[in-house]
Amino acid sequence: MRFFVCYTFDFRPRLFYSIETMDIDIAHVAKLARLKLTEAERKTLAEQLPNIVNYIAKLQEVDTNDVDARAYLTDAVNVWREDVAQENEVQRLAIISAFPKKASEALEVPGVFEK
Amino acid sequence: MTVRQIRDAVRDGKMTAVEITEATLADIKKRDGEIHAFLETFDEDALAQAKKIDALRATGESLPPLAGVPAAIKDNMLYAGHISSAGSKMLAEYKGAYTATVVQRLIDAGAIIIGRTNCDEFAMGSSTETSAFGNTKNPWDKKKVPGGSSGGSAAAVAAGFVPASLGSDTGGSIRQPASLTGIVGLKPTYGRVSRYGIIALASSLDQVGPFAHTVEDAAMILEAIEGRDEHDATSVELENTTIGEILTPNFEGLRVGVPKEYFIDGMDADITKLVKEAIAVFKSGGAEIVEISLPLTSYALPTYYIIQPAEASSNLARFDGMRYGTRAPGTLEESYLDARGDGFGVEVKRRIMLGTFILSAGYFDAFYKKALAVRTALRKEFDDAFKRVDVIIGPTSPTVAWNLGEKFDDPLAMYLADIFTTAGNIAGIPGISIPCGFANQLPVGLQIQAKPFAEAMMFRAAAAYEKQTGWSRFYPETK
């Protein structure tokens, strides 16, 4: 897929996309998502994702030049509370007991750096 | 029986909480084999809770507001010591270390937590078919889907197992299954109910709410769970005002907005007819009908399918088999890839891929940032409309319940099931679906939306319509 900027009669830049050049690198996205896909899944997604992306790209039609992008719409800003540690032995033990691998009470994980 | 009837029966000593709990559990064992609303019932803890209620009553102390009322919770809500699997193989054995605020508040209000209900995997779906633990059937026709993602919670109430249940609604996952199963389903204003202990799908959209048979029951459950929670910074301090208004349901002075964009091509003709009949009921009751326009309506669904997968791909990054779940062998990267590849189902993978693509370099501004801007514009459109009207009404779903399997392999067709509900999540406004009749013997829902935190107004309109028509008195016949 390719995006290009186009200037309309009112001299405001608009972003357009072209459907024909739609191309999603499934293997690359799967690697970013740390997701193993079977060959069949890869094939299905290669067919389905461009259709879904074409559909959501419909948003380019909406003029949002005068609108702020906001992730949350509530009026709340900077909701603080004191950072007070709460002892809860039951919760602590429940969390530890869920560890798939552990050494005593410590969580055991594969090394980040290979030898 | 309704929430209020059970509560009153326990209060008046006509029934004990233990009798009700035993009867509920027996009924589920007898009839749920066919419907599969529940993934598990919590027999032991439910009976222990019921005994406490009966003991409290024996002391003569006043009972909490939902004392003895059986309730079910969606499988994505934590209940300490019990499995919460979010319908996923990834969390098949996962037990929460703490209890979600909404579940704790139900318990504190005296409700009996009967069990956990089936749902789409990580609440991603509109039919409950993406659950790793089998389909739930629509109690009205067992060849049909119950809607989703909270399909188990909806079916549990529709079938009459429990008078109320909790679901979560990210794009319609309470209202749409309520519509397809002929019951009341409420998505509160974003911030009204705590999300603490809910397995997150999309954090800026998720909201917990009740299913029930009557508007009053839904309001009673909402009153128990709502309000500020220090564990969820987006939850808001409220003055409790929900229940009072309902006791005098009336249409007088009510300004009802009907957006022309809510009647689209491709919608079932019977649904259009039933919704228009519902509008006529409002009108003849004395409400003022105002034709309005919400031009961004058709952009709500594409906006939703950017924001929701983007947030979901980020939220679901935590499921990697490291701290809980199943650890896959190999190096760190191999372990991540295998745990996630084996643990997630097809719809979850699709949305993680979509979300990751949207957030990847080169596409972030064109999709994600654009969607946030449209989101703000959509909210403004609602704000402007609510200067002229008190509530907005229209259909909840463009179709009645469809056949199991019918849309499973066509993601876009499935996504379109939420075309009228996603706007409410994007704008953060409350919405309720109430039954408004039947098409081909299948229930149809009417959606009523109001401005943020105007649930009382929404309840008043919904209760007035309910009183006038009585569609919610119908139950499916199941054996």
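Predicted model: local features only at pLDDT ≥ 70, side-chain atom pairs only at ≥ 80, totals over all residues.
Chain B contains 16 helices and 11 strands. Its C-alpha atoms occupy a box of roughly 65 × 55 × 45 Å along the principal axes. Of the 479 residues in chain B, 62% are buried. Among contacts in chain B with a separation of 6 or more, 76% join residues 24 or more positions apart.

The interface brings 55 residues of chain B into contact with 47 residues of chain A. The following helices of chain B each supply at least two residues to the side that touches chain A.

| Helix of chain B | Residues |
|---|---|
| H10 | 297–315 |
| H11 | 332–343 |
| H12 | 346–359 |
| H13 | 364–388 |
| H14 | 411–415 |

H13(B) gives the most to this side, with 12 residues. By class, the side of chain B that touches chain A has 28 nonpolar, 15 polar and 12 charged residues.

The crossing of the two helices is right-handed. From H2(A), the residues Glu41(A), Leu45(A), Gln48(A), Leu49(A) and Ile52(A) take part, and they meet Lys349(B), Arg350(B), Met353(B), Leu354(B) and Phe357(B) of H12(B). The residues of this contact comprise six nonpolar, one polar and three charged.

Key: Residues numbered from 1 in each chain as written. Chains lettered and ligands numbered in written order. Axes fitted to C-alpha atoms, helices over the stretch in contact; angles between N-to-C directions. Helix = DSSP H or I, 4+ residues; strand = E, 2+ residues; numbered from the N terminus. Left-handed = near helix turned anticlockwise from the far one by under 90°. Contact = placed C-beta atoms within 7 Å. Nonpolar A, V, L, I, M, F, W, Y, C, P; charged D, E, K, R; others polar. Buried ≥ 20, exposed ≤ 12 C-beta atoms within 10 Å, placed from the backbone.
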